[in-house]
Amino acid sequence: CTVIFTRLATRDLHKPISILFCNLAVSDLFTSFSGFWISMLFITDPDITIFGSKDMLAPYALYTTSILSTIYNLVSIGIERYLAVAESMRTRFRVARNHSIAVVFISWVLAFFLGCLPLMGWNCLQAERSISVLYSPFCVNYLVFIAIPNVVVAFIVPLFTYLRIIIILRKRKLRMQACSQATGTYRSAETQVARSSISIWLLALVSYAPFFAGVVFDAANRRCHVDLYPGVYIFRNCTAMLITITCLGNPLLYTLRLRRLGAKLKALRCLSASRVPACAI
């Protein structure tokens, strides 16, 4: 909420990256709200969070939707940062405000569609054979369909984009060295990008890897709920806590650190535009 109100108050939403930051904050807000909803259901009736109930479909669907939206936002921010850095190199595509709005709209539509599939009928209220043990009354095949491709995207795409940013900055630094120009700005930006990207990737890895492991365990396990109580459900709750911690870490990593990083990259684009042509001459 602080991120949303701050950006609305400063009228900073004209920047494409600010739209993605604000949307990420909205996704984190939905994640926190849905997690609180599930916690209240556990307090009032713990059995329905273990054995499943029709009342769990709506909060689980909102929880899934918010997590998917967060993943799509993380991927979109990584791609936008890569395009911002590569803009002055060889690509002519520039991310505009309309592009960010379109990405936000598409990500929410896709997240709502995939997250609300259990509400549309893909649940195991009637079919007990394929019911999930950790997230009843979700079906195991639905969780596998949702978790595997999206978790892979959350790991691979940001890793690729931030590695490409570091490689581009390294090439620029070597080019400036060949021209006998100062490279302190490039070295500082490269170090800052490397630290930020590693922090972002590790936060996603620590947050979503246990959830992915739980889905794999759920798909391979065929025992009933009572046999797995309480250890497996403690692991499920810890997984939910890690995802909530991600909602707290995202504003620190993206809103605070990447604001300085954006100014640094803007300075680098101006630097490369002024010095590289002179060097070529």
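## Basis

Residues are numbered from 1 along each chain as its sequence is written, and side-chain values use heavy atoms, with hydrogens and water left out. Because the model is predicted, local features need pLDDT of at least 70 and side-chain atom pairs count only at pLDDT 80 or more, while totals for chains, interfaces and linings use all residues.

## Second largest pocket

The second largest pocket has a volume of about 370 Å³. Its lining has 17 residues, and Gly35, Ile38, Ser39, Asn237 and Ala240 are the closest to its centre. Helix 2 (16-44), helix 4 (57-86) and helix 9 (231-280) each give two or more residues to this lining. Helix 9 gives the most, with 7 residues. By class, the lining has 9 nonpolar, 7 polar and 1 charged residues.

Some terms apply here. On a 1 Å grid over the protein atoms alone, a pocket is an open set of points with protein on both sides within 12 Å along at least five of seven lines; a cavity is a set where a 1.4 Å probe fits but cannot get out; lining residues have an atom within 4 Å of a point. Points are joined across faces, edges and corners, and a volume is the space filled by probe spheres set on them. Helices are DSSP runs (H or I, at least four residues), numbered from the N terminus. Ala, Val, Leu, Ile, Met, Phe, Trp, Tyr, Cys and Pro count as nonpolar, Asp, Glu, Lys and Arg as charged, and the others, Gly among them, as polar.

## Cavities and Thr64

The structure holds 5 cavities of 30 Å³ or more. The largest cavity has about 170 Å³ of space. It is lined by 15 residues, with Thr64, Ile67, Leu143, Ile146 and Phe211 the closest to its centre. Helix 4, helix 6 (140-178) and helix 7 (184-220) each supply at least two lining residues. Helix 4 has the largest share, 6 residues. The lining has 13 nonpolar, 2 polar and no charged residues.

Thr64 sits in helix 4. Its relative accessible area is 14%, so Thr64 is buried (under 20%; exposed is over 50%, partly exposed in between; 1.4 Å probe, protein chains only). Beyond four places in sequence, Thr64 touches Gly115, Phe138, Tyr142 and Ile146 (contact: heavy atoms within 4.5 Å).

## Aromatic pairs

The whole structure has 9 aromatic pairs. Rings of Phe, Tyr and Trp (its six-membered ring) pair if their centres lie within 6.5 Å; planes under 30 degrees apart are stacked, over 60 edge-to-face, and the rest tilted. The Phe33 and Trp37 ring centres are 6.4 Å apart with planes at 45°, so this pair is tilted. The two residues are 4 residues apart in helix 2, about one helical turn. Phe33 is partly exposed at 49% relative accessibility, and Trp37 is partly exposed at 32%.

Phe138 and Tyr142 have ring centres 5.3 Å apart and planes at 80°, so the pair is edge-to-face. Both residues are buried. Ring pairs also link Tyr60, Trp122, Tyr135, Phe138, Tyr142, Phe145 and Phe211 into a cluster.

## Ser107 and the cysteines

Ser107 lies in helix 5 (residues 97-115). Ser107 is buried, at 7% relative accessible area. Beyond four places in sequence, Ser107 is in contact with Asn23 and Tyr72.

The disulfide count is 0 (a disulfide is a pair of cysteine sulfur atoms within 2.5 Å). Cys116 is buried at 18% relative accessibility, whereas Cys238 is partly exposed at 40%.
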